[in-house]
Amino acid sequence: MTQDYEPIKITESTPEPADGSFYFLTDTDDDYLTIATVTEDGWFLPGYESEFFWEEIRDKHIGWRIQSLAAHDAQIRAEALELSDKEHDIATQAIIDSLTSSDRNDYGIASESAFEAVSEHRKEQRQ
(Lines give C-alpha, C1' and ligand atoms only; values in the text may rest on other atoms or scores of the structure.)
Protein backbone atom coordinates (compact mmCIF):
# COMPACT_ATOMS: atom_id res chain seq x y z
CA MET A 1 0.00 0.00 0.00
CA THR A 2 1.39 3.41 -0.98
CA GLN A 3 1.49 6.02 1.76
CA ASP A 4 0.52 9.61 0.99
CA TYR A 5 4.06 10.73 1.70
CA GLU A 6 5.82 8.36 -0.69
CA PRO A 7 7.34 9.82 -3.88
CA ILE A 8 5.28 9.46 -7.03
CA LYS A 9 6.60 8.64 -10.48
CA ILE A 10 6.22 11.49 -12.96
CA THR A 11 4.29 10.53 -16.09
CA GLU A 12 2.88 12.47 -19.02
CA SER A 13 -0.39 12.84 -17.10
CA THR A 14 0.96 13.76 -13.66
CA PRO A 15 -0.94 16.85 -12.54
CA GLU A 16 0.86 19.85 -11.11
CA PRO A 17 1.15 19.67 -7.33
CA ALA A 18 -1.38 21.94 -5.69
CA ASP A 19 0.81 23.69 -3.16
CA GLY A 20 3.78 25.98 -3.64
CA SER A 21 6.71 24.47 -1.82
CA PHE A 22 10.00 22.69 -2.23
CA TYR A 23 10.08 19.40 -4.11
CA PHE A 24 12.66 16.67 -4.45
CA LEU A 25 13.03 15.44 -8.03
CA THR A 26 14.92 12.15 -8.16
CA ASP A 27 16.16 10.37 -11.27
CA THR A 28 15.11 6.73 -10.92
CA ASP A 29 18.07 5.53 -13.01
CA ASP A 30 20.86 6.83 -10.79
CA ASP A 31 19.14 8.43 -7.78
CA TYR A 32 20.41 11.89 -8.84
CA LEU A 33 18.49 14.38 -6.71
CA THR A 34 17.64 18.01 -7.37
CA ILE A 35 15.37 20.37 -5.50
CA ALA A 36 12.71 22.43 -7.27
CA THR A 37 11.24 25.52 -5.66
CA VAL A 38 7.66 26.43 -6.53
CA THR A 39 6.39 29.99 -6.21
CA GLU A 40 3.51 31.94 -7.70
CA ASP A 41 5.91 32.78 -10.58
CA GLY A 42 6.58 29.16 -11.50
CA TRP A 43 9.05 26.34 -10.90
CA PHE A 44 12.71 27.12 -10.26
CA LEU A 45 15.59 24.65 -10.62
CA PRO A 46 19.17 25.12 -9.40
CA GLY A 47 21.44 26.45 -12.13
CA TYR A 48 18.67 28.12 -14.14
CA GLU A 49 17.89 31.83 -14.00
CA SER A 50 14.31 31.67 -15.24
CA GLU A 51 11.23 29.87 -14.04
CA PHE A 52 9.54 26.95 -15.73
CA PHE A 53 5.91 25.98 -16.20
CA TRP A 54 4.86 22.66 -14.65
CA GLU A 55 4.47 21.10 -18.11
CA GLU A 56 8.15 21.84 -18.83
CA ILE A 57 9.25 20.33 -15.52
CA ARG A 58 7.03 17.29 -16.04
CA ASP A 59 8.14 16.69 -19.64
CA LYS A 60 11.84 17.04 -18.75
CA HIS A 61 11.53 14.64 -15.79
CA ILE A 62 9.21 11.85 -17.01
CA GLY A 63 10.15 8.67 -15.17
CA TRP A 64 11.65 10.58 -12.24
CA ARG A 65 10.11 10.61 -8.76
CA ILE A 66 8.69 13.76 -7.18
CA GLN A 67 8.09 14.32 -3.49
CA SER A 68 7.36 17.49 -1.57
CA LEU A 69 9.65 18.43 1.27
CA ALA A 70 6.68 18.08 3.65
CA ALA A 71 5.95 14.56 2.37
CA HIS A 72 9.63 13.67 2.57
CA ASP A 73 9.71 14.87 6.16
CA ALA A 74 6.62 12.77 6.95
CA GLN A 75 8.29 9.74 5.35
CA ILE A 76 11.47 10.24 7.37
CA ARG A 77 9.46 10.63 10.58
CA ALA A 78 7.42 7.50 9.86
CA GLU A 79 10.53 5.50 9.06
CA ALA A 80 12.30 6.89 12.13
CA LEU A 81 9.62 5.26 14.25
CA GLU A 82 10.78 1.94 12.86
CA LEU A 83 14.49 2.40 13.59
CA SER A 84 16.51 0.16 15.84
CA ASP A 85 18.59 1.86 18.53
CA LYS A 86 21.68 1.55 16.33
CA GLU A 87 19.84 3.00 13.30
CA HIS A 88 18.56 5.88 15.43
CA ASP A 89 22.14 6.68 16.45
CA ILE A 90 23.28 6.54 12.82
CA ALA A 91 20.44 8.84 11.68
CA THR A 92 21.04 11.31 14.50
CA GLN A 93 24.75 11.48 13.74
CA ALA A 94 24.09 11.95 10.00
CA ILE A 95 21.74 14.86 10.73
CA ILE A 96 24.23 16.48 13.09
CA ASP A 97 27.05 16.01 10.58
CA SER A 98 24.97 17.44 7.75
CA LEU A 99 23.78 20.47 9.68
CA THR A 100 27.21 21.30 11.07
CA SER A 101 29.27 20.61 7.94
CA SER A 102 27.79 23.33 5.74
CA ASP A 103 26.76 26.94 5.92
CA ARG A 104 23.21 26.18 4.82
CA ASN A 105 21.69 24.36 7.82
CA ASP A 106 19.24 22.76 5.42
CA TYR A 107 16.89 20.36 7.21
CA GLY A 108 15.78 18.75 3.95
CA ILE A 109 19.34 17.82 3.06
CA ALA A 110 20.01 16.73 6.65
CA SER A 111 17.00 14.42 6.68
CA GLU A 112 18.03 12.99 3.31
CA SER A 113 21.51 12.36 4.75
CA ALA A 114 19.96 10.51 7.68
CA PHE A 115 17.81 8.42 5.36
CA GLU A 116 20.83 7.55 3.19
CA ALA A 117 22.99 6.67 6.21
CA VAL A 118 20.35 4.31 7.64
CA SER A 119 19.71 2.81 4.19
CA GLU A 120 23.42 2.16 3.76
CA HIS A 121 23.59 0.57 7.22
CA ARG A 122 20.63 -1.68 6.40
CA LYS A 123 22.23 -2.65 3.09
CA GLU A 124 25.46 -3.57 4.89
CA GLN A 125 23.48 -5.66 7.41
CA ARG A 126 21.84 -7.65 4.60
CA GLN A 127 25.20 -8.56 3.04
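**Reading the features in turn**

Modeller: Let us begin with the aromatic rings. This is a predicted model, and the structure holds 4 aromatic pairs.

Colleague: How is a pair of aromatic rings described?

Modeller: A pair of aromatic rings is described by two quantities, the distance of the centres and the angle of the planes. Here, Tyr23 and Trp43 form a pair with 5.3 Å from centre to centre and 35° between the planes, and this pair is tilted.

Colleague: Which parts of the chain does the pair of Tyr23 and Trp43 tie together?

Modeller: Tyr23 belongs to strand E2 (residues 22-26) and Trp43 to strand E4, so the pair ties together parts that are 20 residues apart in sequence. Tyr23 and Trp43 are both buried.

Colleague: Why is the pair of Trp43 and Trp54 called tilted?

Modeller: A pair counts as stacked when its planes are under 30 degrees apart and as edge-to-face when they are over 60, and the rest count as tilted. The planes of Trp43 and Trp54 stand at 40°, with the ring centres 5.0 Å apart, so this pair is tilted. Trp43 is in strand E4 and Trp54 in helix H1, so the pair ties together parts that are 11 residues apart in sequence. Trp43 and Trp54 are both buried. Through ring pairs, Tyr23, Trp43 and Trp54 are linked into a cluster.

Colleague: Let us turn to the charges. How many salt bridges does the structure hold?

Modeller: To read one, look for a side-chain nitrogen of Lys or Arg within 4 Å of a carboxyl oxygen of Asp or Glu. The structure holds 2 salt bridges. In one of them, Arg58 is joined with Asp59, and the closest N and O atoms are 3.5 Å apart.

Colleague: Is Arg58 buried or exposed?

Modeller: A residue counts as buried under 20% relative accessible area, as exposed over 50%, and as partly exposed in between. Arg58 has a relative accessible area of 15%, and therefore it is buried. Asp59 has 47%, so Asp59 is partly exposed.

Colleague: Which residue forms a salt bridge with Arg122?

Modeller: Arg122 forms a salt bridge with Glu87, with 2.7 Å between the closest N and O atoms. This pair links distant parts of the chain, as Arg122 is in helix H4 and Glu87 in helix H3 (residues 85-100), 35 residues apart. Arg122 is partly exposed because its relative accessibility is 29%, whereas Glu87, at 9%, counts as buried.

Colleague: Which residues gather in a patch of negative charge?

Modeller: On the surface, Glu16, Glu40, Asp41, Glu51, Glu55 and Glu56 gather in such a patch. One of these residues, Glu51, lies in the loop between strand E4 (42-44) and helix H1 (54-60). Its relative accessibility is 41%, so Glu51 counts as partly exposed.

Colleague: Where is Gln125 placed?

Modeller: Gln125 is in helix H4 (residues 107-126). At 55% relative accessibility, Gln125 counts as exposed. Its C-alpha atom is separated by 25 Å from that of Leu33, 92 residues apart along the chain.

Colleague: Finally, how many helices and strands does the protein have?

Modeller: The protein has 4 helices and 5 strands, and along the sequence they follow the pattern β-β-β-β-α-β-α-α-α. The C-alpha trace spans about 45 × 35 × 25 Å along its principal axes. The protein has 127 residues, of which 35% count as buried.

Terms used
Residues numbered from 1 in each chain as written. Predicted model: local features only at pLDDT ≥ 70, side-chain atom pairs only at ≥ 80, totals over all residues. Heavy atoms only, no water. Patch = residues over 30% accessible without salt bridge, like charges linked within 9 Å, V, L, I, M, F, W, Y side chains within 5 Å. Areas by Shrake-Rupley, 256 points an atom, 1.4 Å probe, with all protein chains shown as cover. Lys, Arg positive; Asp, Glu negative; His and termini not counted. Charge placed at Lys NZ, Arg CZ, Asp CG, Glu CD. Helix = DSSP H or I, 4+ residues; strand = E, 2+ residues; numbered from the N terminus. Buried < 20%, exposed > 50% of the residue type's maximum accessible area, 1.4 Å probe, protein only. Phe/Tyr/Trp six-rings, centres within 6.5 Å; stacked < 30°, edge-to-face > 60°.
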